[in-house]
Amino acid sequence: MRSSAMRDLMAITARPEVISLAGGQADTSTFPPETFAAQMTRIAQESAAEALQYGPTEGFAAMKAAICGVMAAEGMAPDPEDVIVTTGGQQAIDLITKTLVDPGDPVICEAPTYPGAVPVFSSYQAETHQVEMDGEGMKVDELEALLNRLDGDGRRPKFIYSVPTFQNPAGVTLSGERRRRLVELAREREVLVVEDNPYGLLRYEGEREPPLYLLDGGDYVIYVGTLSKILSPGIRLGWAVAPPPVMEKMALGKQATDLCTSTLAQYFAIEYFAEDRWREYVDSLCEVYRSRRDAMLEALERHFPEQATWTRPEGGMFVWATLPSYIDTSDLLAKALRENVAFVPGAAAYVDGQSGTSSMRLNFSGFDEDRIREGIRRIGEVVSEQVALYETITGEHRLPAASSSSPPGAEDREPDAEELPGQGGDVLPLRRRGKET
Ligand SMILES: Cc1ncc(COP(=O)(O)O)c(C=O)c1O
(Lines give C-alpha, C1' and ligand atoms only; values in the text may rest on other atoms or scores of the structure.)
Protein backbone atom coordinates (compact mmCIF):
# COMPACT_ATOMS: atom_id res chain seq x y z
CA MET A 1 0.00 0.00 0.00
CA ARG A 2 1.11 3.54 -0.76
CA SER A 3 0.05 6.75 0.84
CA SER A 4 -1.83 9.28 -1.21
CA ALA A 5 0.31 12.37 -1.66
CA MET A 6 -2.79 14.55 -1.56
CA ARG A 7 -4.03 13.07 1.71
CA ASP A 8 -0.60 13.52 3.30
CA LEU A 9 -0.58 17.12 2.21
CA MET A 10 -3.99 17.83 3.65
CA ALA A 11 -2.66 17.55 7.19
CA ILE A 12 -0.21 20.36 6.52
CA THR A 13 -2.35 22.48 4.30
CA ALA A 14 -5.27 22.58 6.74
CA ARG A 15 -3.38 25.34 8.59
CA PRO A 16 -5.24 28.61 7.86
CA GLU A 17 -2.08 30.53 6.98
CA VAL A 18 -1.27 28.08 4.16
CA ILE A 19 -2.54 28.87 0.66
CA SER A 20 -3.04 25.37 -0.57
CA LEU A 21 -3.17 25.02 -4.30
CA ALA A 22 -2.75 21.30 -3.56
CA GLY A 23 -6.41 20.50 -2.96
CA GLY A 24 -9.09 19.54 -5.42
CA GLN A 25 -11.95 20.97 -3.51
CA ALA A 26 -15.17 22.53 -4.60
CA ASP A 27 -15.62 25.87 -2.86
CA THR A 28 -18.42 24.85 -0.52
CA SER A 29 -18.70 28.39 0.84
CA THR A 30 -20.64 29.13 -2.37
CA PHE A 31 -23.43 26.75 -1.33
CA PRO A 32 -26.34 28.66 0.24
CA PRO A 33 -26.50 27.77 3.97
CA GLU A 34 -30.27 28.46 3.99
CA THR A 35 -30.82 25.72 1.38
CA PHE A 36 -28.74 23.35 3.47
CA ALA A 37 -30.65 24.23 6.65
CA ALA A 38 -34.07 24.00 4.98
CA GLN A 39 -33.35 20.58 3.50
CA MET A 40 -31.92 19.10 6.66
CA THR A 41 -34.88 20.45 8.65
CA ARG A 42 -37.31 18.88 6.22
CA ILE A 43 -35.50 15.55 6.43
CA ALA A 44 -35.53 15.74 10.24
CA GLN A 45 -39.23 16.52 10.33
CA GLU A 46 -40.44 14.13 7.65
CA SER A 47 -38.02 11.21 7.42
CA ALA A 48 -35.78 11.17 10.50
CA ALA A 49 -36.11 7.43 11.21
CA GLU A 50 -35.43 6.38 7.61
CA ALA A 51 -32.59 8.86 7.12
CA LEU A 52 -30.87 7.53 10.25
CA GLN A 53 -31.25 3.88 9.20
CA TYR A 54 -29.09 1.55 7.04
CA GLY A 55 -30.01 1.49 3.36
CA PRO A 56 -29.66 -0.87 0.39
CA THR A 57 -26.07 -1.62 -0.70
CA GLU A 58 -26.68 -0.37 -4.26
CA GLY A 59 -28.29 2.86 -3.04
CA PHE A 60 -31.85 4.18 -2.96
CA ALA A 61 -33.89 4.11 -6.17
CA ALA A 62 -34.62 7.84 -5.82
CA MET A 63 -30.87 8.52 -5.54
CA LYS A 64 -30.21 6.50 -8.69
CA ALA A 65 -32.93 8.48 -10.46
CA ALA A 66 -31.25 11.73 -9.37
CA ILE A 67 -27.92 10.42 -10.67
CA CYS A 68 -29.51 9.58 -14.02
CA GLY A 69 -30.74 13.21 -14.08
CA VAL A 70 -27.18 14.47 -13.57
CA MET A 71 -25.88 12.19 -16.33
CA ALA A 72 -28.70 13.34 -18.64
CA ALA A 73 -27.24 16.85 -18.40
CA GLU A 74 -24.31 15.46 -20.44
CA GLY A 75 -26.56 13.54 -22.82
CA MET A 76 -26.33 10.11 -21.17
CA ALA A 77 -29.32 7.89 -20.39
CA PRO A 78 -28.18 4.92 -18.30
CA ASP A 79 -30.55 2.28 -16.96
CA PRO A 80 -30.98 3.10 -13.23
CA GLU A 81 -30.59 -0.64 -12.59
CA ASP A 82 -26.97 -0.38 -13.77
CA VAL A 83 -26.15 2.33 -11.21
CA ILE A 84 -24.49 1.68 -7.86
CA VAL A 85 -24.29 4.56 -5.37
CA THR A 86 -20.88 4.74 -3.73
CA THR A 87 -19.06 6.61 -1.00
CA GLY A 88 -17.55 9.11 -3.43
CA GLY A 89 -16.11 8.38 -6.85
CA GLN A 90 -13.01 7.22 -5.03
CA GLN A 91 -14.85 4.18 -3.70
CA ALA A 92 -16.15 3.43 -7.19
CA ILE A 93 -12.55 3.28 -8.50
CA ASP A 94 -11.63 1.08 -5.55
CA LEU A 95 -14.58 -1.30 -6.05
CA ILE A 96 -13.96 -1.61 -9.79
CA THR A 97 -10.33 -2.47 -9.14
CA LYS A 98 -11.22 -4.82 -6.30
CA THR A 99 -13.70 -6.59 -8.58
CA LEU A 100 -11.56 -6.92 -11.68
CA VAL A 101 -7.91 -7.02 -10.69
CA ASP A 102 -5.90 -9.93 -9.38
CA PRO A 103 -2.29 -9.32 -8.34
CA GLY A 104 -0.12 -8.80 -11.42
CA ASP A 105 -2.99 -8.02 -13.78
CA PRO A 106 -2.27 -5.17 -16.19
CA VAL A 107 -4.19 -1.91 -15.84
CA ILE A 108 -3.62 1.07 -18.14
CA CYS A 109 -4.00 4.72 -17.25
CA GLU A 110 -2.86 8.12 -18.44
CA ALA A 111 0.52 9.68 -17.69
CA PRO A 112 0.05 11.63 -15.51
CA THR A 113 -3.02 10.06 -13.88
CA TYR A 114 -5.36 11.02 -11.04
CA PRO A 115 -3.08 10.86 -7.98
CA GLY A 116 -5.86 9.23 -5.92
CA ALA A 117 -6.02 6.30 -8.34
CA VAL A 118 -2.34 5.45 -7.90
CA PRO A 119 -2.70 4.00 -4.37
CA VAL A 120 -5.82 2.09 -5.46
CA PHE A 121 -4.02 0.33 -8.30
CA SER A 122 -1.01 -0.41 -6.14
CA SER A 123 -3.04 -1.73 -3.20
CA TYR A 124 -4.60 -4.38 -5.44
CA GLN A 125 -1.15 -5.08 -6.87
CA ALA A 126 -2.08 -4.19 -10.43
CA GLU A 127 0.73 -3.93 -12.93
CA THR A 128 0.01 -0.39 -13.99
CA HIS A 129 1.09 0.94 -17.39
CA GLN A 130 0.86 4.64 -18.19
CA VAL A 131 0.26 6.12 -21.62
CA GLU A 132 1.52 9.61 -22.34
CA MET A 133 -0.76 12.53 -23.04
CA ASP A 134 -0.44 15.69 -25.05
CA GLY A 135 -2.75 18.68 -25.39
CA GLU A 136 -5.45 16.37 -26.81
CA GLY A 137 -5.36 13.88 -23.96
CA MET A 138 -4.15 10.28 -24.00
CA LYS A 139 -2.14 9.38 -27.10
CA VAL A 140 -4.42 6.66 -28.37
CA ASP A 141 -1.92 5.42 -30.95
CA GLU A 142 0.51 4.75 -28.10
CA LEU A 143 -2.27 2.99 -26.24
CA GLU A 144 -2.80 0.78 -29.26
CA ALA A 145 0.92 -0.01 -29.42
CA LEU A 146 0.86 -0.95 -25.72
CA LEU A 147 -2.17 -3.18 -26.23
CA ASN A 148 -0.28 -4.88 -29.08
CA ARG A 149 2.77 -5.41 -26.88
CA LEU A 150 0.69 -6.88 -24.09
CA ASP A 151 -1.19 -9.01 -26.60
CA GLY A 152 2.14 -10.31 -27.91
CA ASP A 153 2.77 -11.62 -24.38
CA GLY A 154 -0.69 -13.16 -24.29
CA ARG A 155 -1.98 -10.54 -21.87
CA ARG A 156 -4.96 -8.21 -21.85
CA PRO A 157 -5.42 -5.31 -19.44
CA LYS A 158 -8.30 -5.60 -17.04
CA PHE A 159 -9.25 -2.03 -17.87
CA ILE A 160 -8.07 1.30 -19.21
CA TYR A 161 -8.67 4.06 -16.66
CA SER A 162 -9.16 7.52 -18.11
CA VAL A 163 -10.30 10.96 -16.96
CA PRO A 164 -11.06 12.21 -20.45
CA THR A 165 -12.55 15.60 -19.59
CA PHE A 166 -10.55 18.34 -17.81
CA GLN A 167 -8.23 15.69 -16.55
CA ASN A 168 -6.97 15.62 -13.01
CA PRO A 169 -4.11 16.51 -12.83
CA ALA A 170 -3.22 17.75 -16.34
CA GLY A 171 -6.36 19.79 -17.08
CA VAL A 172 -6.45 18.54 -20.68
CA THR A 173 -9.43 17.06 -22.54
CA LEU A 174 -9.41 14.04 -24.84
CA SER A 175 -10.27 15.17 -28.38
CA GLY A 176 -13.40 13.94 -30.13
CA GLU A 177 -11.42 11.91 -32.63
CA ARG A 178 -9.41 10.16 -29.94
CA ARG A 179 -12.56 9.47 -27.94
CA ARG A 180 -14.07 7.65 -30.88
CA ARG A 181 -10.88 5.72 -31.51
CA LEU A 182 -10.58 4.76 -27.82
CA VAL A 183 -14.11 3.38 -27.77
CA GLU A 184 -13.49 1.57 -31.06
CA LEU A 185 -10.32 0.03 -29.62
CA ALA A 186 -12.16 -1.10 -26.49
CA ARG A 187 -14.70 -2.87 -28.67
CA GLU A 188 -12.19 -4.38 -31.07
CA ARG A 189 -10.00 -5.68 -28.23
CA GLU A 190 -12.81 -6.41 -25.79
CA VAL A 191 -11.16 -4.34 -23.11
CA LEU A 192 -13.12 -2.37 -20.52
CA VAL A 193 -12.61 1.37 -20.20
CA VAL A 194 -13.27 3.11 -16.88
CA GLU A 195 -14.35 6.67 -17.63
CA ASP A 196 -13.98 8.83 -14.54
CA ASN A 197 -15.84 12.08 -15.11
CA PRO A 198 -16.04 14.35 -12.06
CA TYR A 199 -15.53 17.59 -14.02
CA GLY A 200 -17.59 17.23 -17.21
CA LEU A 201 -20.19 19.80 -16.11
CA LEU A 202 -17.57 22.34 -15.09
CA ARG A 203 -16.83 23.77 -18.54
CA TYR A 204 -15.83 27.42 -18.79
CA GLU A 205 -15.29 27.71 -22.54
CA GLY A 206 -15.18 25.67 -25.73
CA GLU A 207 -17.36 22.92 -27.12
CA ARG A 208 -18.45 19.92 -25.08
CA GLU A 209 -17.03 16.52 -26.15
CA PRO A 210 -19.30 13.47 -25.80
CA PRO A 211 -18.58 11.26 -22.79
CA LEU A 212 -17.05 7.88 -23.69
CA TYR A 213 -20.06 6.23 -22.05
CA LEU A 214 -22.35 7.97 -24.52
CA LEU A 215 -20.23 6.93 -27.51
CA ASP A 216 -20.07 3.33 -26.36
CA GLY A 217 -23.57 2.91 -24.94
CA GLY A 218 -22.27 1.25 -21.79
CA ASP A 219 -21.09 -2.08 -23.25
CA TYR A 220 -17.38 -1.61 -22.63
CA VAL A 221 -17.30 1.68 -20.76
CA ILE A 222 -17.80 1.66 -17.01
CA TYR A 223 -18.73 5.16 -15.90
CA VAL A 224 -17.68 6.78 -12.62
CA GLY A 225 -19.33 9.97 -11.39
CA THR A 226 -19.41 12.06 -8.24
CA LEU A 227 -21.34 14.88 -6.60
CA SER A 228 -18.12 16.13 -4.99
CA LYS A 229 -17.37 18.77 -7.59
CA ILE A 230 -20.88 19.99 -8.38
CA LEU A 231 -22.36 19.91 -4.87
CA SER A 232 -20.17 18.77 -1.96
CA PRO A 233 -17.23 16.43 -1.33
CA GLY A 234 -18.27 16.23 2.33
CA ILE A 235 -21.44 14.28 1.60
CA ARG A 236 -19.24 11.58 -0.02
CA LEU A 237 -21.61 10.61 -2.80
CA GLY A 238 -20.45 9.10 -6.05
CA TRP A 239 -21.52 6.30 -8.33
CA ALA A 240 -20.60 3.83 -11.01
CA VAL A 241 -22.57 2.59 -13.99
CA ALA A 242 -21.46 -0.86 -15.06
CA PRO A 243 -22.76 -3.87 -16.97
CA PRO A 244 -24.72 -6.24 -14.66
CA PRO A 245 -21.98 -8.91 -14.16
CA VAL A 246 -19.50 -6.26 -13.01
CA MET A 247 -22.15 -4.43 -11.01
CA GLU A 248 -23.10 -7.56 -9.06
CA LYS A 249 -19.50 -8.12 -8.01
CA MET A 250 -19.06 -4.47 -7.10
CA ALA A 251 -22.10 -4.71 -4.84
CA LEU A 252 -20.53 -7.74 -3.11
CA GLY A 253 -17.31 -5.79 -2.72
CA LYS A 254 -19.23 -2.87 -1.25
CA GLN A 255 -21.01 -5.09 1.25
CA ALA A 256 -17.62 -6.07 2.57
CA THR A 257 -16.36 -2.50 2.61
CA ASP A 258 -19.15 -0.43 4.15
CA LEU A 259 -22.51 -2.18 3.74
CA CYS A 260 -24.12 0.89 2.18
CA THR A 261 -23.49 4.52 1.31
CA SER A 262 -24.57 7.06 3.94
CA THR A 263 -28.35 7.09 4.06
CA LEU A 264 -28.45 10.61 5.44
CA ALA A 265 -26.26 11.91 2.61
CA GLN A 266 -28.51 10.23 0.06
CA TYR A 267 -31.62 11.77 1.61
CA PHE A 268 -29.96 15.15 1.39
CA ALA A 269 -29.03 14.69 -2.27
CA ILE A 270 -32.41 13.27 -3.25
CA GLU A 271 -34.08 16.37 -1.77
CA TYR A 272 -31.59 18.66 -3.49
CA PHE A 273 -31.85 17.15 -6.97
CA ALA A 274 -35.65 17.02 -6.81
CA GLU A 275 -35.52 20.65 -7.89
CA ASP A 276 -33.96 21.82 -11.14
CA ARG A 277 -32.13 24.57 -9.26
CA TRP A 278 -29.03 22.38 -9.05
CA ARG A 279 -28.24 23.39 -12.64
CA GLU A 280 -28.26 27.04 -11.66
CA TYR A 281 -25.83 26.27 -8.88
CA VAL A 282 -23.49 24.49 -11.31
CA ASP A 283 -23.73 27.48 -13.65
CA SER A 284 -22.79 29.77 -10.76
CA LEU A 285 -19.81 27.51 -9.92
CA CYS A 286 -18.66 27.75 -13.54
CA GLU A 287 -18.71 31.54 -13.30
CA VAL A 288 -16.70 31.51 -10.08
CA TYR A 289 -14.14 28.95 -11.26
CA ARG A 290 -13.70 30.52 -14.71
CA SER A 291 -12.61 33.73 -13.10
CA ARG A 292 -10.26 31.87 -10.72
CA ARG A 293 -8.74 29.92 -13.60
CA ASP A 294 -8.13 33.17 -15.45
CA ALA A 295 -6.54 34.67 -12.34
CA MET A 296 -4.22 31.66 -12.05
CA LEU A 297 -3.21 31.74 -15.72
CA GLU A 298 -2.47 35.46 -15.51
CA ALA A 299 -0.49 35.02 -12.30
CA LEU A 300 1.53 32.19 -13.85
CA GLU A 301 2.34 34.43 -16.78
CA ARG A 302 3.46 37.11 -14.39
CA HIS A 303 5.30 35.19 -11.69
CA PHE A 304 6.68 31.98 -13.22
CA PRO A 305 10.02 32.12 -15.02
CA GLU A 306 10.14 31.80 -18.79
CA GLN A 307 11.52 28.27 -18.44
CA ALA A 308 8.17 27.04 -17.07
CA THR A 309 5.24 25.82 -19.15
CA TRP A 310 1.67 25.02 -18.15
CA THR A 311 -1.65 23.79 -19.52
CA ARG A 312 -4.69 26.04 -20.15
CA PRO A 313 -7.74 24.02 -19.14
CA GLU A 314 -11.16 24.82 -20.59
CA GLY A 315 -12.80 23.55 -17.42
CA GLY A 316 -12.28 21.53 -14.25
CA MET A 317 -10.03 22.57 -11.41
CA PHE A 318 -6.38 22.07 -12.32
CA VAL A 319 -3.43 23.51 -14.15
CA TRP A 320 -0.37 21.31 -14.69
CA ALA A 321 2.87 23.24 -14.72
CA THR A 322 6.23 21.88 -15.82
CA LEU A 323 9.54 23.37 -14.71
CA PRO A 324 13.05 22.77 -16.02
CA SER A 325 14.14 19.20 -15.39
CA TYR A 326 16.77 20.13 -12.80
CA ILE A 327 14.01 21.17 -10.38
CA ASP A 328 12.48 18.39 -8.32
CA THR A 329 9.03 19.54 -7.24
CA SER A 330 8.92 17.18 -4.23
CA ASP A 331 11.95 19.00 -2.85
CA LEU A 332 10.59 22.34 -3.97
CA LEU A 333 7.42 21.69 -1.97
CA ALA A 334 9.37 21.79 1.29
CA LYS A 335 10.58 25.25 0.37
CA ALA A 336 7.15 26.35 -0.73
CA LEU A 337 5.64 25.19 2.55
CA ARG A 338 8.04 27.45 4.38
CA GLU A 339 6.42 30.25 2.40
CA ASN A 340 3.01 28.88 3.42
CA VAL A 341 1.96 27.74 0.00
CA ALA A 342 1.43 24.21 -1.33
CA PHE A 343 0.93 22.27 -4.57
CA VAL A 344 0.90 18.58 -5.48
CA PRO A 345 4.31 17.40 -6.76
CA GLY A 346 4.01 15.78 -10.18
CA ALA A 347 5.51 12.45 -9.12
CA ALA A 348 2.28 11.68 -7.23
CA ALA A 349 0.57 11.26 -10.60
CA TYR A 350 2.93 8.53 -11.79
CA VAL A 351 2.98 4.94 -10.63
CA ASP A 352 6.76 4.68 -10.80
CA GLY A 353 7.15 7.63 -8.41
CA GLN A 354 10.05 8.82 -10.59
CA SER A 355 8.48 10.46 -13.59
CA GLY A 356 6.83 13.87 -13.48
CA THR A 357 9.35 15.09 -10.94
CA SER A 358 9.62 18.52 -12.55
CA SER A 359 5.88 19.07 -12.72
CA MET A 360 3.25 20.23 -10.27
CA ARG A 361 -0.51 20.24 -10.05
CA LEU A 362 -2.09 23.56 -9.18
CA ASN A 363 -5.71 23.87 -8.09
CA PHE A 364 -7.67 27.03 -8.82
CA SER A 365 -11.12 26.22 -7.39
CA GLY A 366 -10.42 26.38 -3.67
CA PHE A 367 -9.50 30.04 -3.12
CA ASP A 368 -10.53 33.46 -4.37
CA GLU A 369 -8.54 35.34 -7.00
CA ASP A 370 -6.41 37.32 -4.57
CA ARG A 371 -5.27 34.24 -2.70
CA ILE A 372 -4.58 32.43 -5.97
CA ARG A 373 -2.44 35.33 -7.21
CA GLU A 374 -0.58 35.44 -3.91
CA GLY A 375 -0.09 31.65 -3.91
CA ILE A 376 1.31 31.67 -7.43
CA ARG A 377 3.52 34.64 -6.57
CA ARG A 378 5.03 32.71 -3.66
CA ILE A 379 5.57 29.55 -5.70
CA GLY A 380 6.98 31.65 -8.54
CA GLU A 381 9.46 33.14 -6.14
CA VAL A 382 10.82 29.79 -4.94
CA VAL A 383 10.95 28.50 -8.51
CA SER A 384 12.80 31.60 -9.69
CA GLU A 385 15.31 31.20 -6.88
CA GLN A 386 16.03 27.66 -8.04
CA VAL A 387 16.38 28.72 -11.66
CA ALA A 388 18.71 31.57 -10.73
CA LEU A 389 20.77 29.27 -8.53
CA TYR A 390 21.07 26.73 -11.32
CA GLU A 391 22.06 29.34 -13.84
CA THR A 392 24.65 30.77 -11.47
CA ILE A 393 26.19 27.38 -10.83
CA THR A 394 26.21 26.21 -14.42
CA GLY A 395 26.57 29.55 -16.16
CA GLU A 396 23.78 28.34 -18.42
CA HIS A 397 20.61 30.05 -19.48
CA ARG A 398 18.22 27.34 -20.49
CA LEU A 399 15.41 27.54 -22.99
CA PRO A 400 11.83 26.76 -21.94
CA ALA A 401 11.41 23.05 -21.12
CA ALA A 402 8.39 22.56 -23.36
CA SER A 403 5.58 24.46 -25.00
CA SER A 404 2.25 24.54 -23.16
CA SER A 405 0.58 22.36 -25.79
CA SER A 406 3.22 19.68 -25.61
CA PRO A 407 3.00 16.56 -23.42
CA PRO A 408 2.24 17.51 -19.84
CA GLY A 409 4.45 14.98 -18.14
CA ALA A 410 7.67 13.06 -17.87
CA GLU A 411 8.60 13.56 -21.49
CA ASP A 412 9.32 17.17 -20.63
CA ARG A 413 12.31 15.97 -18.68
CA GLU A 414 15.60 16.60 -20.33
CA PRO A 415 17.72 13.51 -20.90
CA ASP A 416 20.73 14.70 -18.95
CA ALA A 417 18.77 15.37 -15.77
CA GLU A 418 20.71 12.88 -13.67
CA GLU A 419 24.04 14.44 -14.57
CA LEU A 420 23.11 18.00 -13.86
CA PRO A 421 25.31 19.51 -11.19
CA GLY A 422 23.67 21.06 -8.20
CA GLN A 423 20.42 19.22 -8.80
CA GLY A 424 17.89 20.32 -6.22
CA GLY A 425 20.01 23.36 -5.36
CA ASP A 426 19.66 24.30 -1.73
CA VAL A 427 16.16 22.89 -1.34
CA LEU A 428 15.45 20.78 1.69
CA PRO A 429 14.37 17.16 1.52
CA LEU A 430 10.70 16.79 2.45
CA ARG A 431 10.24 15.79 6.06
CA ARG A 432 8.73 12.40 6.61
CA ARG A 433 5.16 12.02 7.75
CA GLY A 434 4.77 11.78 11.50
CA LYS A 435 7.64 14.13 12.19
CA GLU A 436 7.23 17.78 12.99
CA THR A 437 5.89 19.69 9.95
C1 LIG B 1 -10.49 12.18 -11.30
C2 LIG B 1 -11.06 12.01 -9.95
N3 LIG B 1 -11.66 10.86 -9.63
C4 LIG B 1 -12.18 10.65 -8.42
C5 LIG B 1 -12.11 11.61 -7.45
C6 LIG B 1 -12.67 11.29 -6.11
O7 LIG B 1 -13.69 12.12 -5.74
P8 LIG B 1 -14.74 11.76 -4.64
O9 LIG B 1 -14.36 10.50 -3.97
O10 LIG B 1 -14.78 12.92 -3.73
O11 LIG B 1 -16.02 11.59 -5.40
C12 LIG B 1 -11.50 12.84 -7.73
C13 LIG B 1 -11.36 13.86 -6.70
O14 LIG B 1 -10.62 14.80 -6.79
C15 LIG B 1 -10.97 13.04 -9.01
O16 LIG B 1 -10.39 14.18 -9.37
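These are my notebook entries on a predicted model of one chain.

**Entry 1. Ground rules.** I number residues from 1 along each chain as its sequence is written.

**Entry 2. Overall content.** I found 13 helices and 14 strands in the chain; helices (H or I, at least four residues) and strands (E, at least two) are DSSP runs, numbered from the N terminus. Of the 437 residues, 57% are buried. Buried means under 20% relative accessible area, exposed over 50%, and partly exposed in between, with a 1.4 Å probe and protein chains only. I then looked up contacts, meaning heavy atoms within 4.5 Å. Among those with a separation of 6 or more, 77% join residues 24 or more positions apart.

**Entry 3. Cysteines.** I searched for disulfides, defined as pairs of cysteine sulfur atoms within 2.5 Å, and the count is zero.

**Entry 4. Helix H13.** I traced H13 over residues 369–394, which is 26 residues. The helix reaches 37 Å from its first C-alpha to its last, close to the expected 38 Å; the expected span is 1.5 Å times one less than the number of residues. Its buried residues include Ile-372, Ile-376, Ile-379, Val-383, Val-387 and Tyr-390. I recall that an α-helix has 3.6 residues a turn, so residues three or four places apart point the same way. The buried residues of H13 pack against S1, H11, H12, S12 and S14. Gly-395 follows H13 and has a positive phi, near 70 degrees.

**Entry 5. Two helix pairs.** I compared axes, which are lines fitted to C-alpha atoms, for helices over the stretch in contact, with angles from 0 to 180 degrees between N-to-C directions. H4 (residues 88–100) and H9 (residues 244–258) pack at about 110 degrees with axes 9 Å apart. That makes H4 roughly perpendicular to H9; angles under 35 degrees count as roughly parallel, over 145 as roughly antiparallel, 65 to 115 as roughly perpendicular and the rest as oblique. Among the residues that meet are Leu-95 and Ile-96 in H4, and Val-246 and Met-250 in H9.

H6 (residues 140–152) and H7 (residues 176–189) pack at about 15 degrees, with their axes 10 Å apart. H6 and H7 are therefore roughly parallel. The contact includes Leu-143 and Leu-147 of H6, and Leu-182 and Leu-185 of H7.

**Entry 6. Backbone exceptions.** The bond from Ala-111 to Pro-112 is cis, with omega near 0 degrees, and Pro-112 lies in the loop between S3 and H5. Asn-168 and Pro-169 are also joined by a cis bond, with omega about 15 degrees; Pro-169 lies in the loop between S6 and H7. Gln-125, not a glycine, has a positive phi of about 60 degrees and sits between H5 and S4. Asn-340 likewise has a positive phi of about 60 degrees, sits in the loop between H12 and S12, and is partly exposed at 22%.

**Entry 7. Glu-132.** I located Glu-132 in strand S4 and found this residue partly exposed at 26%. Glu-132 and Glu-110 are 22 residues apart in sequence and 6.0 Å apart, C-alpha to C-alpha.

Definitions and conventions:
Predicted model: local features only at pLDDT ≥ 70, side-chain atom pairs only at ≥ 80, totals over all residues. Heavy atoms only, no water.
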